[in-house]
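Please read the following note with the sequence and the model side by side. The points below are meant to be checked one at a time.

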Amino acid sequence: MQRTAPPARTATDRVRRLLPGGLSTAVVRHAGTWRERARRAAAALARPETWRRGPVLTALAVLLGLLLLLHAHIPNRIGNAGSLVETFLPWFGAVVPLLLAGALWRRSPSAVAALLLPAVVWLNLFGGLLTDKSHPGADLTLVEHNVGAGNHDPAATARDLAASGADVLALVEVTAQALGTYEKQLAGAYPYHAVEGTVGVWSRLPLSDTRPVDAGMDYGPLAATKSAADKLPYNRALRTTVTTAHGPLAVYVAHLGSARVNPRTGFWTAQRDRGAQALAAAVAAEHNPHVVLLGDLNGSTDDRAFAGLTSQLRSAQTVAGKGFGFTWPAAFPVLRIDQILVRGVQPRSAWVLPRTGSDHRPVAAGVSW
């Protein structure tokens, strides 16, 4: 008698043999359901009408990606638009998950694919800021704080800053009325200090060669006719030398002009930009290879207006911090406009201190030689 060969076992038969009866049936049914869903999804993606869903979301995703990629080419001729975009550039990344939610709701594969462009560009620009790059072993701790002209408790602010452990403390927006309070409260921890106009530096280490720096606050034809004494009350930048165990350190403290957004002029930064240029020129002329700049620059270092400074100095937060280090407004910071920039020293750590009575938060950095 001729024997017939048994039928070949399928993957489903092998699963049934390996598992108990009820369980094997459930697994096979689940596998079949998953395969069926995958086949339906593949068939849906193959239909041209599927890729035509969500055209507006797709266009917005592409435009967002191009804005992030080409932000340096946005002109400043109209309303200083380029600088305005660069000031808030990190926040454009928040639009990506919003568009992704819309793309998933519309079931638009074209929008999801288009969102890869802004996501990749944003991560390339800012992804490195999300990791902790701090290291121990700093030789010197620096703190900068815009203490706020409207600060109702400068004594408490001074005590908080003294408790930070800073070796060099830079204060800006120090009013004539509050100066005595800061001098009194900080005298115990900082035996050396120098003040020029509304900016000052307090130090545990000796200071020398302190002088004002022109930050472009007083300009125009009449500015040249004014004496240094006349300009002093409006001075918002200084340069001093801190004597350290590793040699002299040139310290610049600055408070640049404000930036304003209004319907008529757009993003108004003329006074601030003049100050940034003046500071860049002063740093370029500095003979000391070891330089730090501490101050409220009223702008983000992503803003092209600070290219003259950022081409010479590095941001301590970018090199050795974690996150964006936003400082303003103090209640809910959305911008980092208070900066610690360095040249010739190595940032080891950078962080933002808790809020005080000011509308800014203090910033700190540890540096080493």
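1. Basis of the note. This is a predicted model, in which local features need pLDDT of at least 70 and side-chain atom pairs count only at pLDDT 80 or more, while totals for chains, interfaces and linings use all residues. Residues are numbered from 1 along each chain as its sequence is written, and side-chain values use heavy atoms, with hydrogens and water left out.

2. The chain as a whole. The protein chain has 14 helices and 14 strands; helices (H or I, at least four residues) and strands (E, at least two) are DSSP runs, numbered from the N terminus. Of its 369 residues, 44% are buried, where buried means under 20% relative accessible area, exposed over 50%, and partly exposed in between (1.4 Å probe, protein chains only). Among contacts (heavy atoms within 4.5 Å) with a separation of 6 or more, 70% are between residues 24 or more positions apart.

3. Helix α6. Helix α6, residues 95-106, contains 12 residues and reaches 17 Å from its first C-alpha to its last, close to the 16 Å expected at 1.5 Å a residue; the expected span is 1.5 Å times one less than the number of residues. Its buried residues are Val 96, Leu 99, Gly 102 and Ala 103. Seen down the axis of α6, these residues fall within an arc of 130 degrees, so they line one face of the helix; the arc is that of the directions from the helix axis to the C-beta atoms. An α-helix has 3.6 residues a turn, so residues three or four places apart point the same way.

4. Surroundings of α6. The buried residues of α6 pack against α4 (55-69), α7 (109-114) and α8 (116-126). On the face turned away from the buried side are the exposed residues Leu 98, Leu 104 and Trp 105. Just after α6, Arg 107 has a positive phi of about 55 degrees.

5. Helices α9 and α10. The axes of α9 (residues 154-162) and α10 (residues 176-186) come within 9 Å and cross at roughly 35 degrees. Axes here are lines fitted to C-alpha atoms, for helices over the stretch in contact, and angles run from 0 to 180 degrees between N-to-C directions. Residues of α9 that meet α10 include Pro 154, Ala 158 and Ala 162, and among their partners in α10 are Ala 178, Tyr 182 and Leu 186.

6. Arg 272. Leaving aside neighbours within four places in sequence, Arg 272 is in contact with residues including Leu 256, Phe 267, Asn 298, Asp 303 and Phe 306.

7. Backbone points to inspect. Most residues other than glycine have a negative phi, and most peptide bonds are trans. Asn 80, in the loop between α4 and α5 (81-87), has a positive phi near 55 degrees and counts as buried at 13% relative accessibility. Glu 173 lies in the loop between β2 (168-172) and α10; its phi is positive, about 60 degrees, and at 23% relative accessibility Glu 173 counts as partly exposed. The peptide bond from Trp 328 to Pro 329 is cis, with omega near -10 degrees, and Pro 329 is in the loop between α14 (316-320) and β12 (338-343).
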